[in-house]
Amino acid sequence: MYRCLVCGEIFPMNIKICPTCGVAEENFEVIEVPDIVDSKNDFKALIIGGGIAGVTTAIELRRRNSNAKITIISEENSLPYNRTLLTKEFNINLNDIDLKSKAFYEENNIELVLGTKVTKINREEKSVDTNKDESISYDYLVLANGSSSIILDYGDFKKENVFGLRSKEDAFKLKEALGSRKNNITIVGGGALGLELAQELALNNKVSIIEKAPYLMFNNFEKKDSLNLKELLNDNGVAVYENTSIIKYNENSVILEDETLIDTDILIYSIGVRSNVALAKEAGLSTNRGVLVDDYLKTNDSSIYACGDVVEFSGRVVALWSNSLDMATCVAKNISGEEERFNRNAYPLVFKLFGNSYYKIGELTDDAVIEAKANSQIKYYFKDEELVGALAINSEAKQGEIYRDVLNHTLKMEY
């Protein structure tokens, strides 16, 4: 089997392009998938959430337990889908981004309960209540109910034209609001998701990005690389306002700290996410910024596990696809009796913008070695002469190699 070193997806070796993130074969590593003994355990596993964490948990549980009753409950009406494509490929047919077909779930005896919200967890009875006046029992409950976009107070701006982008429903509503006209769109937040969305929307609209930090990608790029990124955006018609915030919202415009007025028909927030902890908190589970778990991803209730964006592990909430995959697999193993501790890997940040690819992993430091060519660049960052991070621009063929080098601290400063 292949494992993609960019997103963590595992798939057969006859596939040459990662089905999740689209990188090529040079970014794969060959892994051995050990034979799994079917425990034939007869238990009920109930998974709340139909994102990649919930679906992967279900798949990995089924691989290990042919007799288990596995159910996924999702608030959304559609089949589980690849959420990362909402910003990467906003202009495509959003009906073509399902993680698996309906037939897949039927063939693997995974029950999907769609359009249904869990309203209460009854820990003593080991059951959940839903908004459809149903009670569903479980032996093991998995919280994989993700996160929600952070939306700030938008004052007098039109509520119907304020968006986050975390679901198909959000995307469909945004498409409807955009219509066929050219809009003035303001995106609050200049991280990777905001930049990807700006690229998609700039095809037919006037787009402005407002970034509170001193410059774009502040925690991931050096200033020089960020300036090049800003220039690329400007060259493609995207205005960028850095080191500032909105101080006033009018009905059809926003005003920045320096009193710059930006005409705005559509306002989109891309400033991060907040873990959906309310359900867990109301059930008496330990929460902070996320649902708190131990090394085995178990909550303070021995029958309840959690994985994905909803989890706070070792003081951090990591809302990344690869993290969700790894957590979900770990949860499935532990429910199946394999007793595996979760070890968080170094997860790369990967995105493309107007024909350029960006790959960042690990730390930025003051000690850097640059490998530059005409249209590409790799910066290797060192600490105490040991490789701890890298930023690669237009170097997709080397991303897998960079991942291994950073993870194994292969290169030394004399490089």
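Okay, let's start with a cluster: Tyr2, Phe11 and Phe28 are linked by ring pairs. Pairing here means that the centres of Phe, Tyr or Trp rings (for Trp, the six-membered one) lie within 6.5 Å; planes under 30 degrees apart are stacked, over 60 edge-to-face, and the rest tilted.

Quick caveat: this is a predicted model, where local features need pLDDT of at least 70 and side-chain atom pairs pLDDT 80 or more, while totals for chains, interfaces and linings use all residues. Residues are numbered from 1 along each chain as its sequence is written, and side-chain values use heavy atoms, leaving out hydrogens and water.

So, how many aromatic pairs does the structure hold? There are 11 aromatic pairs. One of them is Phe43 with Tyr140, edge-to-face, at 5.5 Å centre to centre and 85 degrees between the planes. Phe43 sits in the loop between strand 3 (28-30) and strand 4 (44-48), and Tyr140 in strand 10 (residues 140-143), so this pair ties together parts 97 residues apart in sequence. Strands are DSSP runs of E, at least two residues, and helices are runs of H or I, at least four, numbered from the N terminus.

Is Phe43 buried or exposed? Phe43 is buried, at 7% relative accessibility, and Tyr140 is partly exposed at 25%. The cut-offs: buried is under 20% relative accessible area, exposed over 50%, partly exposed in between, with a 1.4 Å probe and protein chains only.

Last stop, helix 9 (residues 399-408), where we find Glu401. Glu401 is partly exposed at 37% relative accessibility, whereas the buried residues of helix 9 include Ile402 and Tyr403.
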